Amino acid sequence: QVQLVESGGGLVQAGGSLRLSCAASQSIRSFNTMGWYRQVPGKQRELVATFTSGSNTNYADSVKGRFTISRDNAKNTVSLQMNSLKPEDTAVYYCEAEKTLGWSTRAYWGQGTQVTVSS
């Protein structure tokens, strides 16, 4: 069973920075994709940034140039450095990883970490 544990959320003023980390219970090399999503109450969960095949990355347009996703294969962690934060970045941030199991794929989610950006 894959477990993902997020850390690093909190309260920050607009223009500030936060760094989120996601620790996986197994080698992150075993995942097809791994990254970050966020959700605001009443809205759908949306992609923030992910690693796709290999070391390719995919970012939401709203965070390009401000957020950077990185990985540490030795520590089985994926991190999200968030700079120039805006109030609209306020959300619960979730770590997600997808893995191929036989003929299917399965997505795993962390418990989420709250990020609040005050104006």
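Is R66 buried or exposed? R66 is buried, at a relative accessible area of 11%, where buried means under 20% relative accessible area, exposed over 50%, and partly exposed in between (1.4 Å probe, protein chains only). The model is predicted: local features need pLDDT of at least 70 and side-chain atom pairs count only at pLDDT 80 or more, while totals for chains, interfaces and linings use all residues. Residues are numbered from 1 along each chain as its sequence is written, and side-chain values use heavy atoms, with hydrogens and water left out.

**Overall architecture**

- The protein has 0 helices and 11 strands; helices (H or I, at least four residues) and strands (E, at least two) are DSSP runs, numbered from the N terminus.
- The radius of gyration is 14 Å, close to the 14 Å that the globule rule gives for 119 residues, so the protein is as compact as a globular protein of that length. This radius is taken over C-alpha atoms, and the globule rule is 2.2 Å times the number of residues to the power 0.38.
- Along the principal axes, the C-alpha atoms fill a box of roughly 45 × 30 × 25 Å.
- Of the 119 residues, 39% are buried.
- Among contacts (heavy atoms within 4.5 Å) between residues at least 6 apart in sequence, 54% join residues at least 24 apart.

**The four-stranded sheet**

- An open sheet of 4 strands runs in the order β1-β3-β8-β7, with antiparallel pairing; two strands pair if DSSP finds at least two bridges between them.
- Strands β1 (4–7) and β7 (67–72) stand at the edges with a single partner strand each, so one side of each is left without a neighbour in the sheet.
- On average, neighbouring strands of this sheet are turned by 15° against each other, direction ignored; the strand axes are lines fitted to C-alpha atoms, and angles run from 0 to 180 degrees between N-to-C directions.
- β1 and β3 (residues 18–24) run antiparallel and are joined by 4 bridges, with E6 opposite C22 in β3.

**The disulfide**

- The structure holds 1 disulfide, defined as a pair of cysteine sulfur atoms within 2.5 Å.
- C22 and C95 form this link, with their sulfur atoms 2.0 Å apart.
- C22 lies in strand β3 and C95 in strand β9, so the pair ties together parts that are 73 residues apart in sequence.
- The link of C22 and C95 is left-handed, with -80° about the S-S bond, and both C22 and C95 are buried.

- Leaving aside neighbours within four places in sequence, M82 is in contact with residues including L18, L20, R66, F67, Y93 and V115.
- R66 is found in the loop between β6 (57–59) and β7. Not counting residues up to four places away in sequence, R66 touches Q81, M82, N83, S84, L85, K86 and D89.

**The loop residue V40**

- V40 lies in the loop between β4 and β5 and counts as partly exposed, at 32% relative accessibility.
- V40 and V92 are 52 residues apart in sequence, and their C-alpha atoms are 6.6 Å apart in space.
- Not counting residues up to four places away in sequence, V40 touches T90 and A91.
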